[in-house]
Amino acid sequence: MSTGPRILLFLALAGGCGYRVVDPAVGGGRSIAVPTAVNDTRWRGLEATLTDFLRRDLQRQLDLSLTGSSADLQLLAEIREVGRQAPVRSDSGGAALGASTVQVHWRLLDAAGQELASGTSQRTLEFRPDQRENPYSALTELLDAMAEHVVIEVGSGLSAWAEQS
């Protein structure tokens, strides 16, 4: 089966399952400001990582241009919870398996400060210290995946907003 029919089949199946495909043209070339995420946890530096991932994904997935001031839209993000645990211990007492958890809240505002969309996402990722994985590498992976998820939700919110306008 060539690529064209596969795409059509995917779109037909995705629509039937309640999924919505976001048009990459959503945003219509509007400008968006993405200030550094708020992070009141003890895990310093994660705010810069999340912000970088959000900015990258916004430019890659939607028709938006980043700006620092007087933007048409603003995406605010807040890291609310960060945690790590060792649910499985080895015989020597060290962690055989660890888990990192992050919760991110986000809001998309228009130029007047009115909320267009918002959401909260929490995810956990396990890591294996014996494979040179650690809480920090797991947190980076989590923030990358969460940024992509937030941008998809932003695109969906922009699409719904455009339909109402």
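A salt bridge is taken as a side-chain nitrogen of Lys or Arg within 4 Å of a carboxyl oxygen of Asp or Glu. The model is predicted: local features need pLDDT of at least 70, side-chain atom pairs count only at pLDDT 80 or more, and totals for chains, interfaces and linings use all residues. Residues are numbered from 1 along each chain as its sequence is written, and side-chain values use heavy atoms, with hydrogens and water left out.

**View 1. Salt bridge between Asp-144 and Arg-56.** The closest N and O atoms of this pair are 2.5 Å apart. Asp-144 belongs to helix 3 (residues 135-164) and Arg-56 to helix 2 (residues 46-61), so that the pair links parts of the chain 88 residues apart; helices are DSSP runs of H or I with at least four residues, numbered from the N terminus. Asp-144 is partly exposed at 27% relative accessible area, as is Arg-56 at 33% (buried, under 20%; exposed, over 50%; partly exposed, in between; 1.4 Å probe, protein chains only).

**View 2. Salt bridge between Asp-57 and Arg-60.** An N to O distance of 2.7 Å separates the two side chains. Both residues lie in helix 2, 3 residues apart, about one turn of the helix. Asp-57 is buried, with 0% relative accessibility, whereas Arg-60 is exposed at 51%.

**View 3. Salt bridge between Arg-107 and Glu-115.** Here the closest N and O atoms lie 3.4 Å apart. Arg-107 counts as partly exposed at 31%, and Glu-115 likewise at 41%.

**View 4. Network of salt bridges.** Shared partners join Arg-56, Asp-57, Arg-60 and Asp-144 into one network. The protein has 5 salt bridges in total.

Definitions and conventions
Helices (H or I, at least four residues) and strands (E, at least two) are DSSP runs, numbered from the N terminus.
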